[in-house]
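Dear colleague,

Please find below the structure that I am handing over to you.

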Amino acid sequence: MNLSNPQFLYVILILPGLFGLTLTGEGLYRCVHEEWSGLVSIIFGLMFLVGVIVAYLFFSTYLGTKV
């Protein structure tokens, strides 16, 4: 597996990104229906998305310097 291929970067970040979006969406749904436990899902979903963005920036700069 060639790690310098940018498609590898996209593949390893798509599923975690979708998971973060799902958590955020579920939390919003719960908050709209006045279940305040949805705030926990929103917080974890946003933290997960921030983690994916940081990983993307880290890997893109790492792969950019290695090529």
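In this message, a residue is called buried under 20% relative accessible area, exposed over 50%, and partly exposed in between, with a 1.4 Å probe and protein chains only. The model is predicted, so local features need pLDDT of at least 70 and side-chain atom pairs count only at pLDDT 80 or more, while totals for chains, interfaces and linings use all residues. Residues are numbered from 1 along each chain as its sequence is written, and side-chain values use heavy atoms, with hydrogens and water left out.

Overall fold

The protein chain has two helices and zero strands; both terms refer to DSSP runs numbered from the N terminus, helices being H or I with at least four residues and strands being E with at least two. Of the 67 residues in the chain, 22% are buried. The chain exposes about 5,100 Å², and carbon and sulfur atoms supply 75% of that area, as computed by the Shrake-Rupley method with a 1.4 Å probe. Where contacts (heavy atoms within 4.5 Å) join residues at least 6 apart in sequence, 50% of them link residues at least 24 apart.

The aromatic pair

Rings of Phe, Tyr and Trp (its six-membered ring) are paired if their centres lie within 6.5 Å; planes under 30 degrees apart count as stacked, over 60 as edge-to-face, and the rest as tilted. By this rule there is one aromatic pair. The ring centres of Phe-19 and Phe-48 are 5.1 Å apart and their planes meet at 70°, which is why the pair is edge-to-face. Phe-19 belongs to helix α1 and Phe-48 to helix α2, so this pair, 29 residues apart, links distant parts of the chain. Phe-19 is partly exposed at 44% relative accessible area, and Phe-48 is also partly exposed, at 36%.

The salt bridge

The whole structure contains one salt bridge, meaning a side-chain nitrogen of Lys or Arg within 4 Å of a carboxyl oxygen of Asp or Glu. Glu-26 forms it with Arg-30, the closest N and O atoms being 3.0 Å apart. These two residues are separated by about one helical turn because they lie four residues apart in helix α1. Glu-26 has a relative accessible area of 33% and Arg-30 one of 27%.

The loop

Which residue has a positive phi although it is not a glycine? That residue is Glu-34, with a phi of about 60°. Most residues other than glycine have a negative phi. Glu-34 sits in the loop between α1 (6–32) and α2 (38–66), and its relative accessibility of 64% makes it exposed.

Yours sincerely
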